[in-house]
Amino acid sequence: MRFSTSLLAASLSALALSFPVDRDRDVDIVSSYTVSIPASPPTNPHKATYSSSIVSSYTVSIPASPPTIVPSATLLASSMGNLPAVERLRTSSSTIMPSSTTTAPKSSSSTAARATSTSKSGALQWVGANESGAEFGGGKIPGTLGTDYIFPDTSAIQTLMNKGMNIFRIPFLMERLAPGTMTSALDTTYLSELKTVVSFITAAGAHAVLDPHNFGRYYGTVFTSTSDFKTFWTNLATEFKANDKVIFDCNNEFHDEPSNALVVALNQACIDGVRAAGATTQYIFVEGTSYSGAWTWTTTSGNSAVMGNLTDTYDKIVYEMHQYLDSDASGTSSTCVSSTIGAERIAAATTWLRQNNKKGIIGEFAGGANSQCQTAVTGMLDALAAANDVWMGAIWWGAGPWWGDYIYSLEPTSGTCYSSYIDILTKYV
């Protein structure tokens, strides 16, 4: 979701971020922060809580941006130096990390089962789930596999594929994959684990989305070098260029950036970097600022004014938007505003896609395990299906082995939302 997840190990401190009602709005970067370090790790991390220092020099020429919208907000920062906490924190009472009585599922690399997919014809090209774990523990870099972070459980992914899901977004951290500097050689161990999950998914005929879940930050600092970002993407795409079932998601949920023009420039650098690697058959997902919210795409975020200018020689850009159905669209509540809020919040974005001849996907969405949210989610999926000339699919937030009783967990088969939503979701694919 705006959610990206920083699941911190039980011994970690965590960052908390408190926003006013419109959480998809950008806020100005402020020079001072109020520090609040909770005594115990947060439950249900979701959104970015980076304490970010903005680099004053740019490596590209960035044109003037539209006016910045500044809601009142209290930003909470970490005392962990420049290490990022990679999300906003959810406010439900869920327990995320495994407890002393819980056995964490094995990493995907130890799963030997052969992947198979039973996806069927439906109204949308893709329906699937975000598979969290590798982006957890953002307060500990590089961290320890199995303690601070985990890769998705491929047996659980197989269960979702058996139900018909055919796309899985895999969040990870740039700092673990390219440690030290963004242009560094990729870490072979972390890359190997990532490749194992990707290969499992794509061998079954499903699509795997590579999602640097970094919110436009690297080691907690807003990055502005388009050259470095292009190199990162060339390095990563080189590893997957032969697999046309891989999708490259430039970066998760840019927010509070120096300008919208920078967000466009970084997305373009991602596109150019992927193509420079020789990866020419794959889709590229691009995200806007303000957490890439669909409901603010054409209004307060300014995304609609600038994001349409991106170019790709191979014409495979897909605009990824996120949409939650609680009161502030933050994805921190199991209560949906109304039974019709899903369709309402994507309506303007649908119009923008059609008017600009673009393709889109809802890369994160969810609702609570209750009848009003089920109706609202169904309404949103109905609206996407009715506009499948522009909308390619939807990816639920979230699944993954460490979610515990998180309010939106789709992890088979005991996840909070699994029994409430799996049949609703899969009838659209």
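## Basis of the description

A residue is called buried under 20% relative accessible area, exposed over 50% and partly exposed in between, with a 1.4 Å probe and protein chains only. The model is predicted: local features need pLDDT of at least 70, side-chain atom pairs count only at pLDDT 80 or more, and totals for chains, interfaces and linings use all residues. Residues are numbered from 1 along each chain as its sequence is written, and side-chain values use heavy atoms, with hydrogens and water left out.

## Overall architecture

The protein has nine helices and 12 strands; these are DSSP runs numbered from the N terminus, helices being H or I of at least four residues and strands E of at least two. Of its 429 residues, 60% count as buried. Contact here means heavy atoms within 4.5 Å. Among contacts with a separation of 6 or more, 84% are made by residues 24 or more positions apart.

## Nonpolar cores

A nonpolar core is a set of buried Ala, Val, Leu, Ile, Met, Phe, Trp, Tyr and Cys residues joined through side-chain atoms within 4.5 Å. The largest such core holds 105 residues, of which Y319, M321, I362, L381, W391, W396 and L425 touch the most other members. Helix α5 (residues 260-276) supplies the largest share of this core, eight residues. When neighbours within four places in sequence are left aside, L381 is in contact with L124, F365, A394, I424, L425 and Y428. A second, separate core has 10 residues, including I247, V318, I361 and I395.

## Helix α1

Helix α1 spans residues 154-162, and T154, A156, I157, Q158, L160 and M161 within it are buried. These buried residues pack against β3 (126-131), β4 (167-172), α3 (188-203), β12 (391-399) and α9 (418-426). Just after α1, G164 adopts a positive phi of about 115 degrees.

## Aromatic pairs and charges over rings

Rings of Phe, Tyr and Trp (its six-membered ring) pair if their centres lie within 6.5 Å; planes under 30 degrees apart count as stacked, over 60 as edge-to-face and the rest as tilted. By this rule there are 20 aromatic pairs. The rings of Y218 and Y219 are edge-to-face, because their centres are 4.8 Å apart and their planes stand at 85 degrees; both residues are buried. W233 and F248 also form an edge-to-face pair, at 5.8 Å centre to centre and 75 degrees between the planes. This pair links distant parts of the chain, with W233 in helix α4 (residues 226-240) and F248 in strand β8 (residues 246-249), 15 residues apart. W233 is buried at a relative accessible area of 0%, and F248 is likewise buried at 0%. One aromatic cluster is formed by F136, Y324, W397, W402, W403, Y406 and Y408.

A charge sits over a ring if NZ of Lys or CZ of Arg is within 6 Å of the ring centre and within 35 degrees of the ring normal. K316 lies over the face of Y283, 4.0 Å from the ring centre, and R345 lies over the face of W295, 4.3 Å from the ring centre.

H213 is placed in the loop between β5 (207-212) and β6 (217-218). With 0% relative accessibility, H213 counts as buried.
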